[in-house]
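I opened this notebook to record what I looked up, in the order I looked it up.

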Amino acid sequence: MITPNYEKAIKEAGLLLSKFDITEPVIPVDEITQKEGIIIKYFRPNRDTELSGISGFYDSKSNVIYVNADDTPTRQSFTIAHELGHFKLGHKPNEFDVLYRFATTIDKNPIEQEANCFAANLLVPEKMLEEVMKKYKLTENDQLLADIFGGSLEVIKYRLKWIKINC
């Protein structure tokens, strides 16, 4: 059984932040993706099509990340970061799936877990999170913390939980 390589995901996210000299939030994930040579296209799924529940997917043949235009901006950022993770982590197209909004099986796929870890570490880097919390005296339940990172409170809570588990 394949296990997720979280260390690699964390390292690759950190390398991108260093490469583009990003030291504070909000992380410009769309700009990073484009500078990495990947095109981002938005689609508006018809409710009756198979794309209706999809947040996004990466087409390695055309080097395009497709993002659901109807999702919130915070969800779109996570989708782009997740799909960029597949690219940066060298995942093969047959190893990963499309990113569904409310997927349950995707959470069990080690390749998807790696891409999620990459996305979380790219959008909310541990060091930046700790610095912002200390500087503004914020807690994990503070919506302002999520706003500073341009993400959701759910992602912030996930990141803090992850940090505590791995300390």
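The entries below go from the whole chain to helices, a histidine, aromatic rings and a pocket.

**Entry 1: the whole chain**

I note at the start that this is a predicted model. I counted the secondary structure of the protein chain and got seven helices and four strands. Read along the sequence, I wrote the order down as α-α-β-β-β-α-β-α-α-α-α. I then looked up burial: of the 167 residues in the protein chain, 42% are buried.

**Entry 2: helix H3**

I went to helix H3, residues 73-88. H3 has 16 residues, and I found 22 Å from its first C-alpha to its last, close to the 22 Å expected at 1.5 Å a residue. I listed buried residues in H3, among them Phe78, Ile80, His82, Leu84 and His86. Gly85 is also buried. After H3 comes Gly90, and I noted that its phi is positive, near 70°.

**Entry 3: helix H4**

I did the length check again on helix H4, residues 110-123. Its 14 residues should span 20 Å at 1.5 Å a residue, and the end C-alpha atoms are 20 Å apart, so the two agree. How many of the 14 residues of H4 are buried? I found 13, so I put H4 down as mostly covered, with buried taken as under 20% relative accessible area. At the start of H4 I looked at Asn109, where a side-chain oxygen comes to within 2.8 Å of the backbone nitrogen of Ile111.

**Entry 4: His91**

I looked for His91 and found it in the loop between H3 and strand S4 (99-100). One goes to the side chain of His86, at 2.8 Å. Another goes to the side chain of Glu114, also given as 2.8 Å. His86 is one of the buried residues of H3.

**Entry 5: aromatic rings**

I searched the whole structure for aromatic pairs and got three. In one of them, the rings of Phe43 and Phe57 have centres 6.2 Å apart and planes at 45°, so I call the pair tilted. Phe43 sits in strand S1 (residues 39-43) and Phe57 in strand S2 (residues 54-59), so this pair ties together parts 14 residues apart in sequence. Phe57 also pairs with Tyr66: the ring centres are 4.9 Å apart and the planes at 20°, so this pair is stacked. I recorded that Phe43, Phe57 and Tyr66 form one aromatic cluster.

I checked how covered these residues are. Phe43 is buried, with a relative accessible area of 12%. Phe57 is partly exposed at 21%, and Tyr66 at 21% relative accessibility also counts as partly exposed.

**Entry 6: the second largest pocket**

I looked up the second largest pocket and wrote down a volume of about 270 Å³. Its lining has 14 residues, and Gly14, Leu17, Pro125, Lys127 and Met128 lie nearest the centre. Helix H1 (6-19) and helix H5 (126-136) are the elements that give two or more residues to this lining. Which element gives the largest share of the lining? I found that H1 does, with five residues. By type, I sorted the lining residues into six nonpolar, four polar and four charged.

Note on methods: Residues are numbered from 1 along each chain as its sequence is written. This is a predicted model: local features need pLDDT of at least 70, side-chain atom pairs count only at pLDDT 80 or more; totals for chains, interfaces and linings use all residues. Side-chain values use heavy atoms; hydrogens and water are left out. On a 1 Å grid over the protein atoms alone, a cavity is a set of points where a 1.4 Å probe fits but cannot get out, and a pocket is an open set with protein on both sides within 12 Å along at least five of seven lines; lining residues have an atom within 4 Å of a point. Grid points are joined across faces, edges and corners, and a volume is the space filled by probe spheres set on the points. Ala, Val, Leu, Ile, Met, Phe, Trp, Tyr, Cys and Pro count as nonpolar, Asp, Glu, Lys and Arg as charged, and the others, Gly among them, as polar. The expected span of a helix is 1.5 Å times one less than its number of residues. Buried means under 20% relative accessible area, exposed over 50%, partly exposed in between (1.4 Å probe, protein chains only). A polar contact is a pair of N or O atoms within 3.5 Å; within protein, one must be able to donate a hydrogen and the other to accept it, and residues adjacent in sequence count only if both atoms are side-chain atoms. Rings of Phe, Tyr and Trp (its six-membered ring) pair if their centres lie within 6.5 Å; planes under 30 degrees apart count as stacked, over 60 as edge-to-face and the rest as tilted.
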